[in-house]
Amino acid sequence: MVITQGEAVFRAEGLTKVYRLGDVEVHALRGIDLMLYAGEFVVLLGPSGSGKSTLLNILGGLDVPSAGHVWYHGEDLTAAGDAQLTQFRRDHVGFVFQFYNLIPSLTARENVAIVTDIAPHPMPPEDALGLVGLRERLDHFPAQLSGGEQQRVAIARAIAKRPVVLLCDEPTGALDSATGTHVLQALEQVNATLGTTTVVITHNVDIARMAHRVLTMADGRIVREAVNAERLAAKELRW
Amino acid sequence: MKAIHRKALRDLWHMRGQALAIALVIASGIAMLVMSRATLDSLVDTRDRLYADYRFADLWAQVQRAPESLAGRVAQLPGVAEVETRLIAGAKLEVPGFGEPVEAVVQSLPDQGEPVQNRLYLRAGRALTPHADDELLVSDSFAQAHRLVPGDRLRVTLRGRTQWFTVVGTAVSPEHVYQIKPGAMFPDYQRYAIVWMGRRAMAAALDMNGAFNQITARLAPGASEADTLAAVDQVLARAGSRGAHGRMDQLSYRFLYEEFRQLGTMTRVFPAIFLGVAAFLLNVVFTRLVGAQRDQVAILKAFGYRTADVVLHYALIVSLIGLAGSALGVAAGAWLGTQLAQMYQLYFRFPFLHYQIGASVVAIGVAVSLLAALAGAGRAVLAAAAEPVASAMRPPAPARFRRALLERLLPRRSLTQPLRIILRQIERQPLRAALTVTGLAFAGAIMMMARFQDSSINHMVELAYRLSQQHDLSATFTELRPARAAHELGALPGVRKVEGIRQVPVRLRHENHSLKTAIEGLRPGGVLRRPINDRRQPVDIPADGLVLNDYLARRLGVTVGDTVWVEVLEGRRAWAQLPVAHLVRDHVGLAAYVNLDALNRALGDGDVISGVLLTVEDGQEAAVFHELDRRPGVLGAGSRLASVEALYRSIAQMTGLFMWISILMGGIINFGVVYNSARIALAERGRELASLRVLGFTEGEVATILLGELAVLVALSIPLSFAVGYGLSWYLASNLQSDLYRVPVHIPASAYAFAALTTVVSAVLSGLAVRERIHHLDLIGVLKTRE
């Protein structure tokens, strides 16, 4: 699929999500309307429980909304079944999570390979790890890597399939400033070189300065949208 | 290799301890299956080949004396394919250097060439020289027991005539694969022999020139056995036939049949228990393994792995465990099978053994173990794979707990906090707790079974040979003798007491039931042979009527007060109609008892006996034995003590192997369940337990919470294992019932104690192995990692 810069990748209308956690009913999303464009770097800001992760999960086909619709390149994801969502994730989406979610029994290279094994047009795992500066750590197990390195493996794993969209849920949340900067540089590079639409969830207002566009969420709604007239490079960020 | 396969292998390595414990349980089940199935198949195949190749007869009929011409008439009956006549007689043997007399059955062989039916397999030496009258062949088991080799000499007393013979060879016959004296429970190769001699020499000794006293036949294909037996009986009636019988009444055939039937039961029951427990273990282990990998499953799915891929991934891990267990089980089963087959060779004197492990046995074993493994793990894997990805990525909601039942019943302050945790944990997952208790109960039950065979068979011997029989020596006459013969023997020096008895071969009939057996005529007030009732009290022989053992009564469909037709299968073949007066409980044979005087009156034979029972003074047994043996009118004499000792030896040999296998396998199951349960509990609750340590609990207190739960489950399993063990023993015993013997369910207190003790010891060992891990709980890590 060839996507030109500026084409709408995602369109969401009236997204609502209610789920139960034990005995508690949580209204995670309360009617979200949203457009995401090809090649965009979008930061989602907001406090805990504002619905950022739920939105990201629905965009990535990990979860389905209680009401509303999401279209991916014109196809209604909310009408898709489990098999179609699986195929969607397999072909188009890369995920990065706050706690890396590496498989502890596999090395860095193998953690990437577990995705490239099933992707239609992947890059070699070594190249993906090279992009995030880990070419020297290919055969290390997660337990032998620092937090930042583990997160970079997770990014390599997410981009190795050359996804159309990269969805990152607090990728720097568990990292110190210097390490976090490394990780953001990797994301920045992927966005720039591969043209991957990138959505990053964060609490960290400073990180928002590297985005094309910043969406702020509160209580299940998007309360503010801002376009950065001038973006900072990741290496210029400090927090 | 794909990354996901690497993950499977690494996961397997990571859980190797638990995987090994499960594989061992699976291996136990498969070993049991392969061992019993391969042994059974090999024995059945060997038996069938022997019967076919050595032309085992289909029909036997014994007569007092019949002219050779009568055989021609039998041969012409429809349904009879071929007949062969021969001579058969009881004899006494004297083996130089062996102090006791030996009872033997002597069968004639054609003077020229091989017999047509029941051919002999010559194990050592050579066949008889044509027309030789001083040569004989002996059964190989007897030869082995006395270390006889061709060239040795034996003294044979046949019909009162004694002669020295040379053993020229040892042989095995399809008729005597199980070489046992009629009425005995186990073979005694030292005191009972089969001997073959030339027809001419034997006819001369028996005065049977031109005549026969046994005819054997093979049936034409498709012929009805029952019709042919009836027709043969008609032809032979006037020759003093005892009634023709088929293979099912041929002692050796029948023993093999019953033994193989029992082995068949074992091949079903034991592997089912082991594989059932293995499936349960896999279920528990995989529920927890997959539960712990919940987020990994979610990641795989997030990146586009299908539910089917995830299921296959775990199926691969499970299959590898199942295959390892199968491989180990097949190897162990094959080895144990050879041991078992060798043990059976001691009793079933097959000349050869076609030991084979059929591909089908292995295939069944592997398929069954994989099925058990996949069935066990399937639920857990499917549940995990079906969980929506997004919810799997969230931390699990705290498990729902509530106050335990016991807490609600007891005063509020009577339970400590750790005890509350233990009780709530058990109550929160009642199914898992129930399965754990069940698994442990089966392990304990198998330990009980290990002791059941041994103790029950010993108990049976105790009842049959110690309680019911009180004599020291017994003697059988060559023919009926006047009752005063007993007094003559009673007058021998060293004899304390003597009682005459009479055994008569009969057929008992009631309505459409009919059974061949023997009636024992006993003197009222006799003490040396006394039937016992189900309360183990001796029953007095009534003046009239039959005393039947309860199993025989069931087979005939009669109870006290009913009337039984008695057809005597010797002499004038008299008929009598006798009421059933009492039921007794005999565990061996199909005995019926009657008042000796009433028996003699009914048969019109006068006051006669067929043998005597004696008690002797201490130290006089050998002398009296020798004196009895010397008398030409005495066919054979036996020592009760010697037979009982031989019996115990046989039982120990036969049940010993089974016992050790059962103990080993019960232990494996027990360890498998306890160790796995503890490891799982530790893995699931590592955070909670480490948190308690951080809060200041000691290692001992934390161990109490973890292992206390298991201790409660182990304690609950013990009474259940008693019930399961008794049930399984009862099931086995009911399958061991046959006309030959009935094994009572006798489980001594020691067997219960043994099962409980092994369960506790095994649980403690498993607990110690896990306690060591509590020591290594990561107290800092638990505070850092995410929930």
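The structure is a predicted model, in which local features need pLDDT of at least 70 and side-chain atom pairs count only at pLDDT 80 or more, whereas totals for chains, interfaces and linings use all residues. Residues are numbered from 1 along each chain as its sequence is written, and chains are lettered from A and ligands numbered from 1 in the order in which they are written.

**Chain B overall**

- The secondary structure of chain B amounts to 22 helices and 20 strands, where helices (H or I, at least four residues) and strands (E, at least two) are DSSP runs numbered from the N terminus.
- Taken along the principal axes, the C-alpha atoms of chain B fill a box of roughly 105 × 60 × 50 Å.
- Of the 787 residues of chain B, 46% count as buried; a residue is buried if 20 or more other C-beta atoms, placed from the backbone, lie within 10 Å of its own, exposed if 12 or fewer, and partly exposed in between.
- Among contacts in chain B between residues at least 6 apart in sequence, 84% join residues at least 24 apart, a contact being two residues whose C-beta atoms, placed from the backbone, lie within 7 Å.

**Domains of chain B**

- Chain B is divided into domain 1 (57-250), domain 2 (429-470 + 643-787) and domain 3 (495-616), with bounds that come from an automatic or database domain assignment.
- Six residues of domain 1 of chain B are in contact with seven residues of domain 3 of chain B, and the domain 1 side of this contact divides into one nonpolar, three polar and two charged residues.
- In this division, Ala, Val, Leu, Ile, Met, Phe, Trp, Tyr, Cys and Pro count as nonpolar, Asp, Glu, Lys and Arg as charged, and the others, Gly among them, as polar.
- The centres of domain 1 and domain 3 of chain B, taken over C-alpha atoms, are separated by 28 Å.

**A sheet and its helices**

- An open sheet of four strands in chain B has the order β2-β10-β1-β11 with antiparallel pairing, two strands being paired if DSSP finds at least two bridges between them.
- The edge strands of this sheet are β2 (80-86) and β11 (245-246) of chain B, each of which pairs on one side only.
- Strand β10 (residues 211-219) of chain B pairs with β2(B) in the antiparallel sense over six bridges, and Leu219(B) in β10(B) is the bridge partner of Val80(B).
- Helix α3 (residues 68-75) of chain B lies across β1 (59-67), β2 and β10 of chain B and runs at about 165 degrees to β2(B), whereas helix α6 (residues 225-236) of chain B lies across β1, β2, β10 and β11 of chain B at about 5 degrees to β1(B).
- For these angles, axes are lines fitted to C-alpha atoms, for helices over the stretch in contact, and the values run from 0 to 180 degrees between N-to-C directions.

**Local features of chain B**

- Ala574(B) sits in the loop between β16 (563-568) and β17 (575-584) of chain B, and it counts as partly exposed because it has 15 C-beta neighbours inside 10 Å.
- Not counting residues up to four places away in sequence, Ala574(B) touches Val568(B) and Leu603(B).

**Contact between chains A and B**

- The contact takes 20 residues from chain A and 23 residues from chain B, and the chain A side divides into 10 nonpolar, five polar and five charged residues.
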